Each structure stands twice: as C-alpha cells, then as structure tokens.
Amino acid sequence: MPLDANLDPRTHQFKVVGTRPLRPDGVDKVTGRAKFGADATAPGMLVGKVLRSPHPHARIRSINTAKAAKLPGVKAIVTRDDFPETKDESLKDVLYNVMAREKALYDGHAVAAVAATSASIARKALKLIEVKYEILPHVTDVDAAMKPGAPILHKDMITDGVEPAPTKASNIAAKCEFGHGDPDEGFKHADHVIERVFKTEATHQGYIEPHACLASVGTDGSGELWVCTQGHFMVRDTCAALLGMDVSRLRVTASEIGGGFGGKTTVFIEPVALALSRKAGKPVKVVMSREEVFRASGPTSSTSMTVKIGINKAGRITGAFAELRFQGGAFTGSPVVLGAMSAFACYDLEHVKVVGYDVVTNRPKQAAYRAPGAPMVAFAVESVLDELAARIGMDPIALRLKNAAKEGTKSSYGPTFNRIGLIDCLEAARKHANYKVPLGPNQGRGVSAGFWFNFGGQTCVSLNVNIDGTVALVVGTPDIGGSRASMCLMAAEELGIPYDRVRAIVADTSSLGYNDISEGSRVTFSTGLATIKATRDAVTKLCARAAKIWGIPADAVTWENGYAKPSGPNAGNFEPLSLEDLAKKAAKTGGPIAGHYEVNADGAGVSFAVHLCDAEVDPETGRVQIKRYTVVQDAGKAIHPSYVEGQYQGGAVQGIGWAINEEYIYGKDGRLQNPGFLDYRIPVASDLPMIDTVIVEVPNPGHPYGVRGVGETSIVPPLAAIANAVSNAAGVRMTHLPMSPPNVLKAIDGAKGRGARR
Amino acid sequence: MRFEAPTTVNAAVKLLAGKAGVARVLAGGTDLLVQMRTDRVAPDLIVDVKRIPAMRTITAKAGAFRIGGAVAGAELGEHKALKKAWPGVVEAANLIGSHQIQSRATLAGNLCNASPAADSVPAMVAAGASAVIAGPRGKRTVPVEAVAVAPGKTSLKRGEMVEAILLPKHPSRSGDAYLRFIPRSEMDIAVVGVGVSLTLDTKGVCTAARVALGAVAERVILVPEAAKALIGSTVDAGALERLAAAASAACRPIDDKRGTKEFRIKVAGVLARRAAEIALKRARGN
Amino acid sequence: MVQVTLSGPLKTAAGGRASVEVEAATIHQLLMRLEKDIPKLKPLIERGVAVAIDGQIYRDDWLRPIPPGSEVVLLPRMAGG
Amino acid sequence: MPKVQVSTTVNGDEVSYICEVDETLLDVLRDRLSLTGSKEGCGTGDCGACSVMLDGRLVCSCLVLGAEAEGRDVRTVEGIAKGDKLHPLQEKFLEFAALQCGICTPGFLISSKALLDHNPNPTETEIRFALAGNLCRCTGYDKIVRAVQAAAAEMRKG
C-alpha cells in the first residue's frame, strides 16, 4: 500500500516535482567557490603523507622512524603501534586496511605516515623511514588464489558457508548459494543449452577528486574532521571507534564531494589524519595522490564466472545456473553475494541456482562500486541469453520479454516481486527509434537488461521555517549528484511554495541525527521520504498556529498551495494565512516553527533498465567505437529529470569504460602497472556519442511520490549490451572484459583461425 | 633545487654544463614535471628555455624550416606554411596529449624524452628531420633518429640541449603522414606509431620514401625495407601489402600494459599501409 | 506460524533447510526465535540480515509486523555503492 | 630548498608570491593565493581539472612550475564571471545540468571558453575533441557537450 494512500503518482498533478530548476549549489560550483575535500585550510596546518608498501605480500619485520623524526619540520609520525587492536569484529579489517599490521597485503598498503610543516619535508621524511620487509609469495588472480597450494593471505581463514567447515585455511573467505528448483532438471527440458566461462578485470570508481581530509584534534581529545565522503556519520563512528574517542567528541563535516560511486563509503586516510593531528597537536591535511587512489583505495572485484542456461524452442528459459568467483582484494567482502542474488533477477525462472565464492588476493580491499557485483554477472548472463536468442533466431528483446519477471514472480533471490517495471522498459526499448536504425559494415547491435535492489536506511531530516517564510532544509546525506535540488523540490511540493524559497544544506554530524551513507541509490528515496515527512510535520504545526490565531480546533485547518485555510464552511470564515504570514507571527504564536522526521527507511523499490548499444569494430586493429547508446530505465518517479538522465548517462559511460578499456593491470611482481589516468583509461568526451535516455515511471509503492533509486541500475546492463554489440559486430563471442583492442583482435584472429581449420 | 630562466642559448648551455649535479632543460615541462612528481628525477637545476627568443620561433627559408626547441605543438598547428609542407609532422606533434598539453609540449622535448612511443619522432624521422644540438663545444646537427638511443636515454652529452629541429625542403609531388594506434580517441600513448614520407615522379611512380615505426622497439626505428617496398612502385595494393609485411617484420616489441607483441606487430603493418595511403594522396596533390 | 524461506549462507548455516516455521509477530521476534531454534544462524544474524515480507525488503526494522500468511524470506544484509 | 620570488598577473590582478622551485602553478594558486577553484585530479596532466589560461593558452597548471609564471598572465575559473554576471558558459552549465559532483567543472569551463574564444561555432565533434583533455566521471559528457553548444549559440547572438 502506498505510504500516502491519497496520492497516485501516476495521475497526481505535481506542481514543482518533475521540473528542472537550477541546483542550489550550482553557482558555487561554476565559479570555483565550492569547497571540496582538499580546499580547506586551518591555521598552523601541517601536511600529512603516507608511506606505502611496494610489495604485494610481505611480513613487516620492523619499522624504524628515528631518522625521519629527527628531520626538522617533522611533527608527528604514526605506524601500526599508534592504532590499538580493536575488539569489534566488524572493524578489524577496516583497521588492518588503514594501517598494515604484521603483514603488508598489497602494493600500496599503508605502513606509516608523517605530518610535517611542508609537503617537501613530509616527502623527504617518508624516505627516511626504514621498513624491513620479509617478502612473501603473492597471488593477484582469482582463479589462481582458489587453487590448492596458492600463497595464503590469512592463516586463519576458514571458508564460511560450507558445512562441514573445512579444516584447512584457504583464500576462499565464503561460499554462498541462491535459487530455487533444480537447474539440472530444467536443462533436461531444454532444446538448447549454452555454457560459457567469463572473466572481468577489476575497475576503479575513478572519481576525479582524490580522497582528502583535514583533521584537527585538540589536547582535550575533541576533534573536527573535514572530509570528502559519501557518509560523514559513518566516518565519525568508525574513526571514533578506531581511535578510542567518544563519538560526541568528533564532529565531522562533509565537504562538497567530487564523485564517489561507492568508493567513498569507507575510511582510508581519515583515521590516519586524526592520529597524526592528535600526536602533533596541530591540524593535519592529508590528500591522496592519484597514484595512491589507484593503489590504495578500493576498486571493484575482478571476476571469473561460469554461466549455463537452457531454453526451449519457444524461447522460454528452462534452467539457469551460475558459479561466480569474485576476488575482493586482501580482505573478505567482495560483492559476490549481491552478484549472486542479482544474477537472474530479471527473469521468471522455475529452476535457478547461483553459487558464489568470495576470494581474497594481494590487491587493495575492494570498495563498493555502483550496484556492486551486478554489472559483471549481468555481463555473463546476458551474453549467454544473446547467444541463445541468436541460436533460435529470436529477437533478443522478445526473448527477454518472454522470460521477464513481473509482479508476482518469485525472484531468483527469494522474495516475490511486487510492482516492477522490467516489461515496461523492454517494451519502450523495443519501440525506440534507435532499435531500428540500419547498421553499417562492421557494426553490431547489443541489448541487455539489468536489475538492482536499491536501498533505504537510516535518515534524519529537519526543516526550519525562517522569519520571511523561506525554508531551510537540513539533511545528512552528502549530495553526490544534485540531491539538494531534489530535496528542495519535494519540500516545496509539500509546502506549495516556489522551489527557490527552499534551500537545502548538508549538516555536520553534530547538527543532525544519524544518517546512513549516500549509497545504494538511497538518497532521493529515503532522504526524500524523510524530507516529505518532515515537511508534513511542519505543515501540521503551521496549521496548528493558524488554528490558534483563528481560535478554532487544529483539525479544522488544512494546508493548500502554501496557505493555511479553514477546512470547510463549518470551520469558520477566515482569510487564509500564507507561510509568510505564519512565519512572521511565529514568535508570538509559540516560537520557531520546524518540522522533523527520522526513519529507518525501508521499501526502496527495485529497479530495472534495458540498454541498447550499437558498436563498430575495426577488424584490422580490434578497436571498438560506440556509435549509438540508449538507456531505458524505471525511475519510479523522476523528481528532477535532468539529474535522473545524468545518472543514466553517467552509469552507461562508466559501463562503456569498464567494457572497453578500463582494467587494473598487475605485473608478475604483483605491483599495479597503471596507477594513473594515462593508462587506466576512463572514457574521454571524444570517445562517445550522445547517450539517449528514456525515463520509464512505474511508481514504487514504498514512497509517497513513487520514487525508486536511479543511481546504480544504470551501470548494470552496459557491460553486456556492449559485449553483445561487439560480439555481433566482430562475429565472435567476447567473454573477457575489457574488450581492449589487443583482446578483440586476438578473438577475431582466433575465430578466423578456427574457421580456416574447419 | 635551483631555477634559472636564461635569455640566450649560450647562457643556457653554460648553466647546463656547470657544476650543478643533475640539470634538466624545461621547455614544455609535460614530461619533466611528471617525472619530478613521480620521483623519477630530482634535478638540482632546472633551466627554463622559454625565454630564449631563438628557441621560441619558427623560421622558413627556401622551403625548409627551423623550429625552435621551445616552440609548442599548438604553435606548429597554427603555422600555415609548415602545416602545408609537412602535414604529417604537424599532425603527429598535435596528437601528443590534450589541447592543454599542446600549449606546452615541444618537438625537441618529445625527442629528448626518448620514449620509443613518442608521437612526433616517427614523423620527423620519416621527414628526414635533423636536430641542432647546442653544447659547451658549440653546435652540431644530427639526424633525429640519432638522438634517442634507448628508453629515456639520448646521445646528448652533458651540457648539451636541442636548440632547434630542422625540416628539409620538400621535393614536389611529396607527401607525409603519421598514424598511431591508441585504444581511446585521445589522451593515450601510442601503442604503435608509423610515419611515412614519399615522393612520386610525374608518372606517379614512387622515387623516394622513408618509413619509421614507433613503440615497436627500444627506440623509434627507420625501416629501409619498408621504404623499398614502395620505391619503384605506383604505391598500388601489392606494394602496400609488401610495405605492411616489411613494417611488421621490422618490429621487435615487448608485451606491456599498453599492448602485446603480436598486436603491435600486426597493427604496425596495418598502420603503415593506412599512413602510406594518406601520404600518397598528399603527394598526388602536391 | 510464519513460514520463513532461508537463502544463501543462511540456508547453509541451517543445515541446508530451505525453510523453517517459527512463531513470530514481528521481525524482532522472528530473529530471536531463529537464533534460539538454529544456533548456527546466530552469528549470521548478528552480522546483519535483511527480511523480505511479501516482496518488500527490510534491513533493520525490528518492529515491523509480519502479517499472517505473508511470504517471509531471510536474506543476507546488503549494501550498495 | 631555495625559494623563488615571482610577480605575475592572475585574473587581471598583480600578485607576488614566493614558492619552492618544485611547486607547480596549481600548488601556488591553491595554497599560496587561496584560489582553490582549480582542482588537482591527477597531477600528471591527464584529467584537466587544473586547467587555466597562461598567456592566452590553455594549460594544465599542474604541469607548469610556479616559478615559470613570472610576468605572465594567468586566468582561472574565479575570473570567468564578470562581477555578479555569470559567463554564458556558466549559465548553460547550470541550466543543462552539465555538472553532477562539480569537481571537473572549473576545468571544463576554462577549456570550453578557450574553444569558444577562437571557434564560436564548433561542431559536436570539435567540442568533444577540444574537451578530451578534461575527464568527467559523472555525466558521460552528454550534458556538457549540449551546454557548450547552447552557450556558443547564446554567445553568437552577442
């Protein structure tokens, strides 16, 4: 049931929601005034720099900081000894990742840090720190790490989720299994069965702003932290726990954030900066270099996957199976569970099973990246479906429509779907002009569907009515893509006032109740929900003030288009009071007027997308060019359509990068070969066409306006859509991402070779 | 670390040859500053040569060109006569990095960085360009292919720097071209680069040709066998196939993060053919 | 009685049982009963789980009532990017 | 480390500073002149977030030494608007939602302005290649390209 039973988002005439006003932080961002992570300064500020392990796997015998400490200008040095062991199991890996303990587990693992009066002194000091390493054998490939005899990262790692539990340590942190029915039974009824093995390389979120923070801890143990993060409350709680501080003594302010995409949902340098500041007694700024971002923050998993799907002649899937092997870096926690749950979520299946393995390797600890785990698995599943459609001569969208999940489908991960929009997206894609454009030579068309859960979470919003009737909206979720504009739209909609009468800010951790991270496509859904409810709370109070003024019962007043009005002729005949009128009278009618709402929001609606891609392949060089790209996605309800389109386009282009050129390349020495934007090749403007978008709106029953998250689903279909387009253009099935020119050319030449032998 | 910005070549050479430990010339700085930042070089002296007038100008004389060592790529692109005479060289220089890089990066810097993948170098080698080297013992002029000897290493001696690049006069019915392979459309280092320069007689028969390859060996290489495939032919399909085969055969690449050996060998042939086709078209138009 | 479907690692921890029956009116009661009936589920529940009631996923809502006859699925806890 | 004294012009104003030899122009702008509008995304000239105009040419300020700026003319994002009047590019970037996080925006504005200053009517392809030295990870470039097209049209109207 909708939270607001009176409002049907499909027929309701919104006043400002759905329009495209300018964002409140816009002018600051086009004039250079907006303050990002590295833009803050403090009097007496020191510069912090981190020493990192050059070895992928090494026991740290000793760390001697004596020479560095003697260098004039060096004010503090921290090592593992400055970070006490934690009893909290959930924080252990975070702590060990922030600063290496017995072992350095990957190239780039932090080993020590220095605060000095200048960057050049800090750099010099790092060179004076003597670390004695005992180099150990390493492993960076997921399949190699799973083999018996592989170098073991953690001697106490016993695979979770296997009964009975193994007796020997391995690099397999956990096994999981999802599904229902029996795929083998399903394959018996299939006319065609295709099984293939796929691989994807690790990619980085690639936010343009490197991690940065400014920490200041006083001698009384109270601290402040300015930081670019997707979740400053998470940063506060984590840092306080790691450093043994009272949560109330650490105030964290979220700076403007220069991109996150999941990568800024944990801590790296923040506890280090606080520890340095505490030791030095001065503010310390730490800014990662781009090289550090690549080597030491969290990329996503690389994967190895086996997918087997059977269909009958009519195009109905009879059985589906997948085994997923994800490495998530040096610690447990790859997104294989989410990959496994989302693998076949688009389809209505009788027999489906997915097995997942979470594997550790000598790489940086993975961090969330936009729909974690789902894009790679969609690549594998949707590639096999494309091949099956071709095998039976069926249109790829028709095949997906034939099997699409809908309301009442028992999902492959367990629950039964309520109202969902996959079929709507598939139909819109099939009708799109881009699906009918004739293809040129060496061109191919690819289709893929994609699914993501979307999340809610803890959210707290306050709304203050100012003396002139304008409104200050206070939220606690960092704005990573224009969310302040969406929040203002929703508050203005509820109040019935113009958009520019509302201004939203992101409050620091001491000014508002706890808010979960801006992640999981949750902000427009849950902060939006809390904003609507906080606004309604304020409206109730505004009506009560009007009732007091008029001397009638509060429930005899209604709120309409920015005015308190008597609810009907029986309530009395009074001139309506505007928000301005009531604001002006606030002091005399009971004091400030504010609305508030706190919630642990659930009911974020799942969302689906269908992407179309036309790609051209140079058969002589293997170079891939994206000629045409279309995103069709269910937004539930688009609050600010421009920023919804922006999420669709941004997700698609990140997917294009992932599919074609982006990859973590490790040398035999276990060191990252390409820690920079020169050789970690994210798409540039001249690589791309315009990205066409279609916003489908199938309202989410869990949100008053029908909002579903939109940020993540858009990166789920691209890998498969592009792989299908490239495979169709090149005449050979691409099973390894990225489809970089050497990989594509090798596949083309390999296919020619096989053809010649036949 | 000391910074100097002399205004004459002699003063610059004197500084570079002085006692100052590691000295580096700063022209465009697009390689030097990256090397400093990534700790690959820590110079004791930086000599900014952009305030030396003789190094900031392009002069044309009887169809030949002298390009000062501190002239940026964008300035080459804006020089109409140079662009008309040596479109391949100018295009190659203009392929280096972004517009931002183009405002700074120089031919001399690209040459002295001694990267096997330098974009402008195969084009210059194909064009028969030479480098004027100024040093404590005066000036000498050498073919550009003699400057780089190995990745990051040049034949320049202590105190020497490239003062200018010389491009010869083009015979009539000549054309040059440069093509490189990169995975993206911009912003990448060449995985393979090919420069071709050729001259036709009045009957359309190729009388002279030079073919140079980048990123397929420890330095940019001149491939006479590839040129031989063109000379004496009308640059027909058969000649182009022989050219491609000769170019591929001359490669001795490595596997690295930017490409595999087999990929480089194959694509060198493909690009040689495509670059020759462009050069041919230009030669026919001149 | 609530019929709870177990999935993923939770199913493994329950000795492979795909579903169990417990007496519970809220998510909190459900989790407490499960911890008691199947001790191996306890560490997993402590690490965090989500409960889907009639297709709607709840991550933390202890007080959420479970209507009689509803479809209940216990899932591993999830987070996005 | 010996320091260098530099006098130069930034956004039309004369400024002087003392910097270390290995400090970049970007370091100087941000840390010594408090002009933090130019951003460091990579420090190696690959992302364009630090783009500024130096003597009328578009450069990455991370690849220019502070010491080199003696007597030059430097223009940064802080100098694009005239008083309280935004430049058409700034207006169109806002109107077209050409920014999500905004970290790359200063660089894109500088590069776009450099393009339109010498090519008032660029094609889509010309815009895309002119902006290839500026990385944006949020938008997929679509709305940026459209904003530049719209600003160009606006500026042609005069």
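**Chains D and B, and one serine in chain A**

Good morning; I begin where chain D meets chain B, between which 11 residue pairs are in polar contact, both residues at pLDDT 80 or more, a polar contact being a pair of N or O atoms within 3.5 Å, where within protein one must be able to donate a hydrogen and the other to accept it, and residues adjacent in sequence count only if both atoms are side-chain atoms. This is a predicted model, in which local features need pLDDT of at least 70 and side-chain atom pairs count only at pLDDT 80 or more, while totals for chains, interfaces and linings use all residues. Residues are numbered from 1 along each chain as its sequence is written, chains are lettered from A and ligands numbered from 1 in the order in which they are written, and side-chain values use heavy atoms, with hydrogens and water left out.

Across this interface the rule finds 4 salt bridges, each a side-chain nitrogen of Lys or Arg within 4 Å of a carboxyl oxygen of Asp or Glu. One of them joins D:Glu68 to B:Arg104, whose closest N and O atoms are 2.9 Å apart.

The contact, meaning heavy atoms within 4.5 Å, takes 33 residues from chain D and 27 residues from chain B. In chain D, the residues that lose the most area to chain B are D:Arg57, D:Leu63 and D:Glu68, together 27% of what that side buries.

Finally, in chain A, is A:Ser118 buried or exposed? A:Ser118 counts as buried because its relative accessibility is 15%, and buried means under 20% relative accessible area (1.4 Å probe, protein chains only). Its side chain makes a polar contact with the side chain of A:Ser120, at 3.2 Å.

Conventions. Buried < 20%, exposed > 50% of the residue type's maximum accessible area, 1.4 Å probe, protein only. Buried area = accessible area lost by both parts, 1.4 Å probe.
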